[in-house]
Amino acid sequence: EERRSRLLVELVARIMHLPRHLGQHSGGMVLAAGRLDDVVPLEPAAMPGRVVIQWDKDDCADLGIIKVDLLGLGMLQVLQDAVPLVRAHEGVEVDYAHLPPDDPEVYDMLARADTVGVFQIESRAQMATLPRMRPSRFYDLVVEVAIIRPGPIVGKMVHPYLNRRQGREPVVYPHPDLEPVLKRTLGVPLFQEQLLRMAMAVAGFSGGEAEELRRAMGFKRSAARMEKIERRLREVMARAGSPARPPTTSCWGSPRSRSTASRSRTPPASPSSPTPPRTSRRTTRRRSCARCSTPGRWGSTTPRP
């Protein structure tokens, strides 16, 4: 029995962090100049007559293979069908390429949160934020869509940005070198590219190192990977005199692992696709981490300050 237990532990250690299953991207395609099987290994898919590549998308990116993700949006069909309907019922010819980008009536409508049926800003969360945001230009809409996401919400970036926009709080920056990076968002990091530029500005990361940081934050099994990059980031920041707080992240700071070593119910990772956030009980339900007893929130994928 002792030998069986020892062998079991050894086998578990060998299969730890291996994927439980293979997932297929419904709209992912790999492009090649010649035959695809001369570039990557292929295997039959579950559907007859279909094939998939055997390599992970990140491996393809590391090798410089061109990968394209196709996104299908029903709203595009609505826009296409709207043109002949407006022509038939209103007698107006609509040309989307020449719509005025700063129509004041449109922004007045948005400030009233009259956005039922308006793509990306029709959710209750968006409608509750629009009267406080009061967008007056296109970039304001970019921020509006970006700010109502799991990352900014869990990271408590929504209220600081809105308060600064309304003049209730002063615009401050964690470090003078970050002002060019965060000026457009009033000192509050909201976009992924800002994360890359912040690492390059205060830690001297190269473009490749900053990209590695971005991928580690979105990788499903990024705990060890993120810890390694974070250590290097803090060391360089400390040498450069940048403010680096001690690492106080809990287990909730890492995305959910889908490996065979972790099949228990853990907080799911926030989606990376630009779909509107969904309201559910899982987004507000709290529990404590079994390993570090730190209170957490479902869906948290960012380090807690």
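Mentor: In this predicted model, helix α5 and helix α8, the latter spanning residues 158–165, pack at an angle of about 30 degrees, with their axes 10 Å apart. Because angles under 35 degrees count as roughly parallel, α5 is roughly parallel to α8. On the α5 side the contact is made by Thr 129, Arg 132 and Met 133, which meet His 159, Tyr 161, Leu 162, Asn 163 and Arg 165 in α8. Sorted by class, the residues of this contact are three nonpolar, three polar and two charged.

Helix α5, residues 124–133, also packs with helix α6, residues 138–147, here at an angle of about 140 degrees and with the axes 11 Å apart. The two helices are therefore oblique to each other, and their crossing is right-handed. From α5, Gln 126, Thr 129, Leu 130 and Met 133 meet Val 143, Glu 144 and Val 145 in α6, a contact that comprises four nonpolar, two polar and one charged residues.

As for the helices elsewhere, α3 covers residues 74–90, and its 17 residues reach 24 Å from the first C-alpha to the last, close to the 24 Å expected at 1.5 Å a residue. Even so, α3 bends by about 30 degrees at Ala 82, with a proline, Pro 84, following within four residues. Just after this helix, Gly 91 takes a positive phi of about 70 degrees.

Helix α1, residues 2–15, has 14 residues and reaches 20 Å between its first and last C-alpha, close to the 20 Å expected at 1.5 Å a residue. A positive phi of about 70 degrees is found just after α1 as well, at His 17.

Definitions and conventions:
Residues numbered from 1 in each chain as written. Predicted model: local features only at pLDDT ≥ 70, side-chain atom pairs only at ≥ 80, totals over all residues. Heavy atoms only, no water. Expected span 1.5 Å × (residues − 1). Bend = angle between axes of the 7 residues up to and from the residue. Axes fitted to C-alpha atoms, helices over the stretch in contact; angles between N-to-C directions. Parallel < 35°, antiparallel > 145°, perpendicular 65-115°, else oblique. Left-handed = near helix turned anticlockwise from the far one by under 90°. Contact = heavy atoms within 4.5 Å. Nonpolar A, V, L, I, M, F, W, Y, C, P; charged D, E, K, R; others polar.
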